[in-house]
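Trainee: Could you walk me through reading a structure like this one, feature by feature? I would like the general idea each time, and then the case at hand.

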Amino acid sequence: MLFREIILMAWSSLGANKLRSALTMLGITIGVFSVISVMTAIGALQNSIESGISFLGSNIFQFAKYPVNVDAGGETKKKFQNRRNITYRQALRYYELMQGNAPEICLKTFGRDLKAQAVYNGVKTTPSLTVVGTNGSFLTANAYTLGYGRNLNDEDVELARSVLVVGKMIERRLFPHETPIGKVIRMSGHTFTIVGVLAEKGTSFGQSQDDICIMPITRFFEDYGEANRTVNIATQPFSTELYNRTLDKGIGAMRIARGLRANQENDFEIYTNDSLKSAFISVAGVVRIGAFVISLIALLAAGIGIMNIMLVSVTERTKEIGVRKSIGARSRDILQQFLTEAVFISEAGGILGIILGVIGGDLLALWLKVDLIFPYGWAIAGLVVCSAIGIGFGFYPAYRAAALDPIEALRYE
Amino acid sequence: METLDESLNIRPHGRSVIEIQDITKRYVMGEEIVHALRGVSLRIHRNEYIAIMGPSGSGKSTLMNMLGCLDTPTSGRYEFNGKNVAEMDDNELAEIRNREIGFVFQTFNLLPRSTSLRNVELPLIYAGINPEKREEMAAHALQEVGLADRMNHKPNELSGGQRQRVAIARALVNNPSIILADEPTGNLDSKTGGEIMAVMETLYQRGHTIILVTHEADIARHARRTVHLRDGLIESDDYLPLMESEFAISSS
Ligand SMILES: Nc1ncnc2c1ncn2[C@@H]1O[C@H](COP(=O)(O)OP(=O)(O)O)[C@@H](O)[C@H]1O
Ligand SMILES: [Mg+2]
């Protein structure tokens with residue numbers, strides 16, 4: 001029998017039961033959608049990371065108490081919680097030791113616990129500002145640029161001045177019609193004078209980077225306390241060539257600052273763009289495996305759905321099968337016909353899932369502000385898997401149809 | 001009339017197209033065993049017109065399905081064109097049903113969602129004939145049964161007689177040597193039944209072998225040979241006298 005005929009037959013018999021075919025198809029669509037959308041989004045992210053997005057400012061390395069994916073498991077988290085904080089004293093010691101080896105050394109501590117909300121003239125920002133106590137190197141170390149006004153300077157830090165450099169969102173919210181420079185705002189029970197505004201940075205991984213305000217680290221400790229806070233230290237070497245040498249020196253200085261003996265391991269984490277990339281990639285890998293397993297289960301369920309519907313269809317069409325056999329259809333023809341229908345449902349669902357998945361994944365990528373991709377590999381794999389499901393789960397019903405005794409099938413009412 | 005010659009030699013001889021010997025068919029239904037056929041032997045030659053008669057339950061349909069290679073006997077031998085049917089595989093049987101035999105059923109057995117044209121094309125699809133040729137042949141077959149203007153109608157848009165004519169067009173479209181008709185007029189009124197029998201007569205005249213199951217003497221009269229079944233056995237096997245068969249032709 002001609003291939004064209006088989007396709008036409010499958011099309012017309014599926015068309016006779018549109019709702020049922022569509023619902024069966026939907027199962028496959030969901031399974032394929034879940035895997036394709038996740039793979040598209042992760043692929044897009046990874047793509048842009050590998051092609052040069054920097055987590056840190058360029059060339060920068062950073063020391064911190066906690067590793068990136070500290071949320072990975074309870075046991076490891078405990079280990080890091082018990083680790084000593086990096087105190088401001090230790091950070092200052094590092095700062096001194098590294099003088100002359102690096103142009104920018106940024107000490108910073110985050111007030112994540114503050115639920116900071118800035119108020120000016122009765123107007124309030126959201127209560128989720130990122131408050132950072134730091135020094136003038138923060139901008140370079142975190143790839144911010146100053147919009148206007150001035151940056152923090154060493155004197156601000158020495159004198160613990162109550163000054164703030166604020167992000168674009170804060171400026172927009174509180175000062176839509178006037179300059180914020182020189183204005184005094186209240187934040188978490190303290191008042192600050194705004195001296196500078198950062199240029200807009202946009203979102204990164206879906207988080208706004210413009211609802212930030214930075215103040216001298218010394219002021220931060222005075223206002224919000226120093227106990228239970230840990231300081232992150234970012235260092236920028238003089239040049240790319242000196243990166244590795246400076247990193248070695250930095251690790252040495254850090255060990256001294258932490259008072260480690262020669263036989264003790266580093267009790268701090270070292271962040272480089274490379275280490276962040278590989279951390280991201282390993283997280284992405286876990287998400288991928290998760291998406292893969294989930295969609296495999298979904299596809300399995302969808303496959304069983306196809307088998308169920310095909311069995312119903314064979315029973316309903318017993319008479320038709322009898323008629324076809326009585327006028328010369330071979331068992332093979334009947335097998336092909338039903339198998340094609342199963343593959344057809346599966347493939348149609350798969351193609352729809354791929355289209356929706358790519359759209360969904362790319363919408364996510366769009367929101368994360370990374371370049372869009374089409375995951376060819378996964379799309380092809382999706383089609384192959386769908387064919388396999390169609391054939392795998394369609395075979396038994398098709399076999400039952402093909403094996404029907406012509407006369408009994410004809411007699412069926 | 002050219003049939004005169006044939007009618008003189010009305011008892012055919014020579015090689016037969018169908019030959020069955022001592023065919024039995026048993027159905028086991030739980031405790032009970034039904035003997036549908038108890039040992040039937042029959043020889044059918046090319047271009048015969050046979051009516052198989054008998055009361056309901058006498059085994060007519062069972063015999064017919066056997067002859068059409070749709071069913072297999074419990075015992076006995078069936079040779080189709082000199083080949084033992086028991087030794088044929090699924091593909092060979094399908095090929096015989098496709099090319100050698102055209103089946104016409106009492107209940108028409110058309111595909112309800114397909115048009116007349118598509119229904120008639122079906123055997124050609126399984127014969128692997130290309131779409132253009134197929135459509136032409138199907139249209140021609142429908143024309144021959146007088147349904148040229150009903151090609152794109154679905155079965156539920158046709159009358160009983162028209163449906164049966166579609167079924168006949170389907171049976172003859174692949175130009176099979178044998179037409180098997182199991183009570184083709186059973187679901188039709190006598191006028192429509194007469195029209196169907198006229199189509200059968202034309203096919204016979206054109207050289208097809210016609211095997212017709214019926215329990216109505218009126219219908220059986222169209223045939224040249226009548227086999228009577230009773231309780232799964234052949235009771236009589238008669239060739240009609242020349243005069244009566246001539247009468248049958250002129251009256252239809
Ligand atoms: N599939 C079957 N299962 C059980 N008994 C059957 C089956 N087909 C036919 N029979 C029985 O075989 C006998 C002959 O049936 P059939 O050939 O249909 O008779 P007819 O066509 O002459 O009316 C009947 O008694 C019928 O009940
Ligand atoms: Mg019957």
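Trainee: Let me start with chain B. What percentage of the 252 residues in chain B do buried residues make up?

Mentor: Keep in mind that this is a predicted model. A residue is called buried when its relative accessible area is under 20%. By that rule, 54% of the 252 residues in chain B are buried. The chain has 9 helices and 10 strands, and its accessible surface comes to about 11400 Å², with 47% of that belonging to carbon and sulfur atoms.

Trainee: How much of the contacts in chain B with a separation of 6 or more is accounted for by residues 24 or more positions apart?

Mentor: Such residues account for 72% of those contacts. B:H35 and B:G59 are 24 residues apart in sequence, and their C-alpha atoms are 8.7 Å apart in space. Setting aside neighbours within four places in sequence, B:H35 is in contact with B:K25 and B:R26.

Trainee: Now the interface. How many residues of chain B are in contact with chain A?

Mentor: Contact here means heavy atoms within 4.5 Å. On that basis, 24 residues of chain B touch 25 residues of chain A. The two chains bury about 2200 Å² between them, 59% of it on carbon and sulfur atoms. B:L70, B:R97 and B:Y126 supply 30% of the area that chain B buries against chain A, more than any other three residues.

Trainee: And how many salt bridges does the rule find across the interface of chain B and chain A?

Mentor: There are 2 salt bridges across the interface. A:E5 forms a salt bridge with B:R134, where the closest N and O atoms are 2.7 Å apart. The rule also finds 6 residue pairs in polar contact between the chains. On the side of chain B that touches chain A, α3 (90–99), α4 (116–126) and α5 (131–144) each supply at least two residues.

Trainee: Why is α4(B) described as largely enclosed by the rest of the structure?

Mentor: Count its buried residues: 10 of the 11 residues of α4(B) are buried, so the helix is largely enclosed by the rest of the structure. Among them are B:L117, B:V120, B:L124 and B:Y126. The buried residues pack against α1 (3–15), α11 (318–326) and α12 of chain A, together with α3, α5 and α6 (160–172) of chain B. After the helix comes B:G128, whose phi is positive, near 80 degrees.

Trainee: Which helix of chain A is mostly covered, with 7 of its 8 residues buried?

Mentor: That is α8 (residues 217–224) of chain A. Its buried residues include A:F220, A:F221 and A:Y224. α8(A) is followed by A:G225, which has a positive phi near 90 degrees.

Trainee: Finally, the surface. Which helix gives the largest share of the nonpolar patch?

Mentor: Helix α12 (residues 331–367) of chain A does, with 7 residues. The patch has about 840 Å² of accessible area together, and its members include A:F33, A:I351, A:L363 and A:L383. A:L363 lies in helix α12 of chain A. Exposed means over 50% relative accessible area; A:L363 has 51%, so it counts as exposed.

Conventions:
Residues are numbered from 1 along each chain as its sequence is written. Chains are lettered from A and ligands numbered from 1 in the order in which they are written. This is a predicted model: local features need pLDDT of at least 70, side-chain atom pairs count only at pLDDT 80 or more; totals for chains, interfaces and linings use all residues. Side-chain values use heavy atoms; hydrogens and water are left out. Patches are made of residues with over 30% relative accessible area and no salt bridge: like charges are joined within 9 Å, nonpolar side chains (Val, Leu, Ile, Met, Phe, Trp, Tyr) within 5 Å. Accessible areas come from the Shrake-Rupley method with a 1.4 Å probe; for residues, only the protein chains shown count as cover. A salt bridge is a side-chain nitrogen of Lys or Arg within 4 Å of a carboxyl oxygen of Asp or Glu. Helices (H or I, at least four residues) and strands (E, at least two) are DSSP runs, numbered from the N terminus. Buried means under 20% relative accessible area, exposed over 50%, partly exposed in between (1.4 Å probe, protein chains only). Buried area is the accessible area (1.4 Å probe) that two parts lose on being put together, summed over both. A polar contact is a pair of N or O atoms within 3.5 Å; within protein, one must be able to donate a hydrogen and the other to accept it, and residues adjacent in sequence count only if both atoms are side-chain atoms.
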